[in-house]
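Dear colleague,

Please find below the structure that I am handing over to you. My notes on what was found in it follow directly after.

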Amino acid sequence: MKVLLSAAPVGALIYANTGFQAYSSGVYSGCPTDFSTSYSRINHAVVIVGYDSNGNYIVKNSWGTSWGTNGFGVVSKDADCALSAFAYSYTSNAPPGNGVLFYNQVNLDSPNSGLYTKMLWVLFLVMAFLMF
């Protein structure tokens, strides 16, 4: 993860339980310490922007500046809400302003589009929103 973060912020999926939704400051450690429990309940996407001095994740959420500390939070490395399960990084060698626009790549109405595909699409949208 640290290698990915050395190039750019990293999008990730997370189990956002009610404690996470109410988070306001400090290190959030309210998720189950049993990784598989959080993993089976993944329901949200955030952007990992770095680590604190103890190795906890610093994340940017999409819920506005009233969540956490101006929209940012710190998630425990030990009870990470399955944050480490799915991490995605976008890189491009296109010069600024010359990127490629992709469309019709994912059909969310298709019966073959499962939860995984829909979560990837949500993650892409969140990353695009937070990075630009």
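Ala 79 is buried in this predicted model, because its relative accessible area is 3%, and a residue counts as buried under 20%. Its place in the chain is the loop between E5 and E6. Leaving aside residues up to four places away in sequence, Ala 79 touches Tyr 28, Ser 29, Cys 31, Pro 32 and Thr 33. Ala 79 and Asn 56 lie 23 residues apart in sequence, and their C-alpha atoms are 9.7 Å apart in space.

How many disulfides does a search of the whole structure find? The search finds 1. The disulfide joins Cys 31 to Cys 81, with a distance of 2.0 Å from S to S. This pair links distant parts of the chain, 50 residues apart: Cys 31 is in the loop between strand E2 (27-28) and helix H3 (35-39), whereas Cys 81 is in the loop between E5 and strand E6 (87-88). The torsion about the S-S bond is about 100°, so the disulfide is right-handed. Both ends are buried: Cys 31 has a relative accessibility of 5%, and Cys 81 has a relative accessible area of 1%.

The strands may be taken next. An open sheet is formed by 6 strands, in the order E2-E5-E4-E3-E1-E6, and the pairing is mixed. E2 and E6 are the edge strands, each of which pairs on one side only.

- Strand E3 (residues 44-51) pairs with strand E4 (residues 57-60) in the antiparallel sense, over 4 bridges. Gly 50 has Ile 58 in E4 as its bridge partner. The two strands form a hairpin with 5 residues between them, and Gly 55 in the turn has a positive phi of about 90°.
- E4 is also joined to strand E5 (residues 72-75) by 4 bridges, and these two strands run antiparallel. Here Tyr 57 has Val 75 in E5 as its bridge partner.
- E1 and E6 run antiparallel and are joined by 2 bridges. Gly 11 stands opposite Tyr 88 in E6.

Finally, I turn to the nonpolar residues. In soluble globular proteins, nonpolar side chains tend to be buried together. Which residues have the most contacts inside the largest nonpolar core? They are Ile 14, Phe 20, Ile 48, Val 59, Val 75, Cys 81 and Leu 83, in a core of 18 residues. Strand E1 (10-14), E3, E4 and E5 each supply at least two residues of this core, and E1 gives the largest share, 3 residues. A second, separate core has 5 residues, including Leu 13, Ala 45, Ala 82 and Phe 86.

Val 59, one of the residues with the most contacts inside the largest core, also deserves a note on its surroundings. Not counting residues up to four places away in sequence, Val 59 touches Val 46, Val 47, Ile 48, Val 49, Trp 67, Gly 71, Phe 72, Gly 73, Val 75 and Leu 83.

With kind regards

Notes
Residues are numbered from 1 along each chain as its sequence is written. This is a predicted model: local features need pLDDT of at least 70, side-chain atom pairs count only at pLDDT 80 or more; totals for chains, interfaces and linings use all residues. Side-chain values use heavy atoms; hydrogens and water are left out. Two strands pair if DSSP finds at least two bridges between them. A disulfide is a pair of cysteine sulfur atoms within 2.5 Å. Buried means under 20% relative accessible area, exposed over 50%, partly exposed in between (1.4 Å probe, protein chains only). A nonpolar core is a set of buried Ala, Val, Leu, Ile, Met, Phe, Trp, Tyr and Cys residues joined through side-chain atoms within 4.5 Å. Contact means heavy atoms within 4.5 Å.
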